[in-house]
Amino acid sequence: MTVGRAPGERASTATVLRRIGLGGITGSPAALWVSLVLLVLLLAVPAVLPGYQTLFRSILISVALTYGWNLIGGYTGYVSFGNVAFYGLGTYCAALSQSWLDAHGIGDRNLQLVLGVALACVLNAAFAALVGLPVLRLKGHYFGIATLGLALAITDIVGNLDAFGGTGGLAVKQVDDAHFAVYYYAAWIVAAGALAATFFIARSKLGYAFVAIRENEDAAAVLGISATRYKIIAWALSAAIAGAAGAVFAPANGFVDPSIAFAEDANVFPIVMCILGGIGTVAGPFIGALILSGVNEILQRFFIKIHSLFFGAMIVLVVLLLPRGLVWLFGLRGGARTWLKSLSVYKA
């Protein structure tokens with residue numbers, strides 16, 4: 001971005017970047033603390049706001065999905081349009097494993113939920129690594145198109161296999177009403193685990209390798225970073241998180257079919273949420289998912305006809321005015337003038 005510029009201009013650019021936090025591997029510490037406080041407060045929802053438990057559970061699942069996408073799209077720079085495939089496979093892992101465990105008389109609903117999440121993580125990570133070997137050799141929009149094709153193909157395959165219930169779907173047995181909050185806490189643990197994993201990965205050699213690949217894959221290779229290996233790791237981790245979110249959703253919803261498990265919303269929304277909050281940061285996915293999921297749920301309840309219009313307008317505004325997301329505004333000095341200057345720096 002600064003190649004070929006005068007020293008004075010580079011210094012000025014570096015100052016602006018420091019002010020807006022651009023270049024940090026975890027993003028704004030203040031935004032992270034705000035996210036952690038909000039996350040802890042969400043633990044009280046079943047006790048304080050039991051009527052909104054389903055709403056906040058959906059938000060937490062969106063948070064986890066957004067963190068999953070952030071690892072491959074945000075930190076590694078490979079924009080995937082197919083992460084819904086892992087989410088959908090996670091829902092079916094939970095449904096099918098519960099059916100098998102019931103048939104063999106193994107475990108209660110809580111144990112089956114834990115086993116379903118674990119199985120979804122392992123199988124999705126293994127599947128992503130296997131598919132990633134050829135797909136992650138593609139770059140840019142070729143990679144995006146390939147991942148979109150993968151999601152569409154898996155949706156059709158699942159919908160045509162009797163073992164997955166075909167287009168009729170599968171019923172998933174639930175706990176009784178008195179213990180229904182277990183699904184909320186499971187979603188909370190998955191979302192919190194995704195946040196924690198992102199934080200520790202971002203501060204590790206793994207995270208630095210992801211960012212090096214994102215910034216310049218050829219230069220990363222010169223430094224001895226095996227781009228193929230790290231990209232596969234990033235996608236496998238991303239798939240595991242998405243699968244865990246799906247494995248919680250299935251029993252909480254009580255039913256899965258291809259239209260629910262591989263819904264277009266679950267593919268597009270995490271990308272928009274990540275961009276709004278702050279792509280390639282730790283706090284950004286949480287903040288973006290919290291805001292957009294909450295607004296989306298309200299619009300779906302009261303203004304269902306303009307719900308899609310809202311998201312279309314939101315995508316355009318975020319890309320134009322907040323290309324680095326809301327977390328970059330934390331600690332911003334200089335007000336509107338610095339913000340406008342940061343836009344020109346980012347677009348340079």
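**Notebook: a predicted helical model**

I began with Thr 66, which is buried at a relative accessible area of 0%. I take buried as under 20% relative accessible area, exposed as over 50%, and partly exposed as in between, with a 1.4 Å probe and protein chains only. Thr 66 is found in helix H4. Helices (H or I, at least four residues) and strands (E, at least two) are DSSP runs, numbered from the N terminus. I listed the contacts of Thr 66, leaving out residues up to four places away in sequence, and found Pro 270, Met 273, Cys 274, Pro 285 and Ala 289. Contact here means heavy atoms within 4.5 Å.

**Conventions**

I note that this is a predicted model, in which local features need pLDDT of at least 70 and side-chain atom pairs count only at pLDDT 80 or more, whereas totals for chains, interfaces and linings use all residues. Residues are numbered from 1 along each chain as its sequence is written, and side-chain values use heavy atoms, with hydrogens and water left out.

**Overall picture and confidence**

I recorded 16 helices and two strands in the protein. Of its 348 residues, 49% are buried. Among contacts between residues at least 6 apart in sequence, 79% join residues at least 24 apart. The protein exposes about 16,200 Å², and carbon and sulfur atoms supply 68% of that area. Accessible areas come from the Shrake-Rupley method with a 1.4 Å probe; for residues, only the protein chains shown count as cover.

I then checked pLDDT, the predictor's confidence in each residue, from 0 to 100. The protein averages 85, and 87% of the residues score at least 70. Confidence is lowest in helix H1 (residues 7-20), with a mean of 47, and highest in helix H8 (residues 181-202), at 95. Over residues 1-11 the pLDDT is below 50, and this stretch has nine contacts in the model beyond near neighbours in sequence. Residues 16-23 also stay under 50, and the model has 17 contacts for them beyond four places in sequence. Where pLDDT is low, the predicted coordinates should not be read in detail.

**Salt bridges**

I applied the rule of a side-chain nitrogen of Lys or Arg within 4 Å of a carboxyl oxygen of Asp or Glu. The count comes to three salt bridges.

- Arg 109 pairs with Asp 102, with the closest N and O atoms 3.0 Å apart. Arg 109 is partly exposed at 23%, and Asp 102 is partly exposed at 28%.
- Arg 214 pairs with Glu 215, again with the closest N and O atoms 3.0 Å apart. Arg 214 is partly exposed at 27%, whereas Glu 215 counts as exposed at 56%.
- Glu 217 pairs with Lys 231, with the closest N and O atoms 3.1 Å apart. Glu 217 lies in helix H10 and Lys 231 in helix H11, so the pair ties together parts that are 14 residues apart in sequence. Glu 217 is buried at 15% relative accessibility, and Lys 231 is buried at 3%.

Which residues of helix H9 are buried? In H9 (residues 205-215) I found Gly 207, Ala 209, Phe 210, Val 211 and Ile 213. Their cover includes helix H4 (53-75), H8, helix H10 (217-222) and helix H11 (227-253).

I next looked up Gly 77, in the loop between H4 and H5. Gly 77 is partly exposed, with a relative accessible area of 36%. Its C-alpha atom is separated by 8.1 Å from that of Phe 210, 133 residues away along the chain. Gly 77 touches Ile 72 and Arg 214, not counting residues up to four places away in sequence.

**His 104**

His 104 is found in the loop between helix H5 (84-103) and helix H6 (109-135). At 48% relative accessibility, His 104 counts as partly exposed. What does the side chain of His 104 reach? I found the backbone oxygen of Trp 100, at 2.9 Å. A polar contact is a pair of N or O atoms within 3.5 Å; within protein, one must be able to donate a hydrogen and the other to accept it, and residues adjacent in sequence count only if both atoms are side-chain atoms.

Phe 303 lies in the loop between helix H14 (284-302) and helix H15 (307-321). Phe 303 is partly exposed, with a relative accessible area of 47%.
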